[in-house]
Amino acid sequence: TGNYARGGIAISRIMDCRGVAILPEGMSQERFDWLENWVENPDDVIKTFGTESNVKEIYDACNQLALDPTNIILNQFSEFSNHLGHYSVTGRALEAVFEHVTKDSGGTLAAFISASGSAGTLGAGDYLKDVRGTKIVAVEALEVPTMLYNGFGDHNIQGIGDKHIPLIHNVTNTDMVVAISDKATDEL
């Protein structure tokens with residue numbers, strides 16, 4: 001879905017192989033417009049039911065495609081390389097930015113705050129916690145507070161799917177969960 005799908009499609013084109021993006025029909029038109037310019041065949045963009053909250057339908061479409069042994073599924077919600085990449089690259093990059101910004105004044109990197117999404121980016125928080133003792137705060141949509149209240153519903157925060165805890169989310173290392181309304185993000 002989202003940026004992971006865009007990256008997968010772009011890399012597929014660079015590697016001269018077929019890539020397929022699966023994302024909910026209610027995602028932003030901007031994402032669909034971008035994909036339309038990159039795929040060779042419009043059928044390579046599969047629109048599943050719902051909005052950002054409808055991740056199960058994406059899993060169902062992946063499972064259907066996986067029945068063909070020639071397909072390789074890179075599911076962002078279960079690819080540990082998603083977490084490890086953010087741990088190794090994003091975490092170190094954020095640490096370097098923090099060191100640069102605070103080089104003259106010092107400071108403590110108290111918390112790393114990231115939307116849960118597929119939980120890949122939360123890997124950067126795991127790195128920062130390991131090397132700096134930084135707290136990890138996972139953000140989710142108030143309209144679907146899955147981690148806070150096992151919530152159900154819909155929201156429109158792009159890139160922050162809900163109604164599940166991704167396999168790669170290191171929940172035992174998460175210190176806090178906060179919710180934000182899609183009304184607040186839309187007003188930005």
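How many of the residues of β4 are buried? Strand β4 is mostly covered, as 6 of its 7 residues are buried, where buried stands for a relative accessible area under 20%, exposed for over 50% and partly exposed for values in between (1.4 Å probe, protein chains only). The model is predicted: local features need pLDDT of at least 70, side-chain atom pairs count only at pLDDT 80 or more, and totals for chains, interfaces and linings use all residues. Residues are numbered from 1 along each chain as its sequence is written, and side-chain values use heavy atoms, with hydrogens and water left out. Helices (H or I, at least four residues) and strands (E, at least two) are DSSP runs numbered from the N terminus.

**Parallel sheet**

- An open sheet is formed by 3 strands in the order β3-β4-β5, with parallel pairing; two strands pair if DSSP finds at least two bridges between them.
- The edges of the sheet are β3 (111–115) and β5 (176–180), each of which pairs on one side only.
- Direction ignored, neighbouring strands of this sheet are turned by 25 degrees against each other on average; axes are lines fitted to C-alpha atoms, for helices over the stretch in contact, and angles run from 0 to 180 degrees between N-to-C directions.
- Strand β4 comprises residues 135–141 and pairs with β3 in the parallel sense over 5 bridges.
- Within this pairing, Ile 113 has Val 137 in β4 as its bridge partner, and Ser 114 has Ala 138 in β4.
- In general, strands of a sheet pair through backbone hydrogen bonds, either parallel or antiparallel.

**Salt bridges**

- The structure holds 7 salt bridges, each defined as a side-chain nitrogen of Lys or Arg within 4 Å of a carboxyl oxygen of Asp or Glu.
- One of them joins Asp 44 to Arg 18, with the closest N and O atoms 2.6 Å apart.
- This pair links distant parts of the chain, 26 residues apart: Asp 44 lies in the loop between α2 (29–38) and β2 (45–48), and Arg 18 in the loop between α1 and β1.
- Asp 44 is buried at a relative accessible area of 5%, whereas Arg 18 is exposed at 61%.
- Lys 56 and Asp 60 also meet in a salt bridge, at 2.6 Å from N to O.
- Lys 56 and Asp 60 are separated by about one helical turn because they are 4 residues apart in helix α3.
- Of these two residues, Lys 56 is exposed, with a relative accessible area of 54%, and Asp 60 is partly exposed, with 36%.
- Glu 95 and Arg 132 form a further salt bridge, in which the closest N and O atoms are 3.3 Å apart.
- Here too the pair links distant parts of the chain, with Glu 95 in helix α4 (residues 80–101) and Arg 132 in helix α5 (residues 122–132), 37 residues apart.
- Glu 95 counts as buried at 14% relative accessibility, while Arg 132 counts as partly exposed at 33%.

**Cysteines**

- The structure holds 0 disulfides; the criterion is a pair of cysteine sulfur atoms within 2.5 Å.
- The sulfur of Cys 17 is 16 Å from the closest cysteine sulfur, that of Cys 62, and is therefore too far away for a bond.
- Cys 62 is likewise in no disulfide, its nearest cysteine sulfur being that of Cys 17.
- Cys 17 is partly exposed, with a relative accessible area of 42%, whereas Cys 62 is buried, with 10%.

- Ala 61 is found in helix α3 (residues 56–66) and is buried, with a relative accessible area of 18%.
- The C-alpha atoms of Ala 61 and Ile 22 are separated by 7.4 Å, although these residues are 39 apart along the chain.
- On the surface, Ile 11, Ile 14 and Met 15 form a nonpolar patch with about 360 Å² of accessible area together.
- Patches consist of residues with over 30% relative accessible area and no salt bridge; like charges are joined within 9 Å, and nonpolar side chains (Val, Leu, Ile, Met, Phe, Trp, Tyr) within 5 Å.
- Accessible areas come from the Shrake-Rupley method with a 1.4 Å probe, and for residues only the protein chains shown count as cover.
- Met 15 is placed in the loop between α1 (2–14) and β1 (21–24) and is exposed, with a relative accessible area of 57%.
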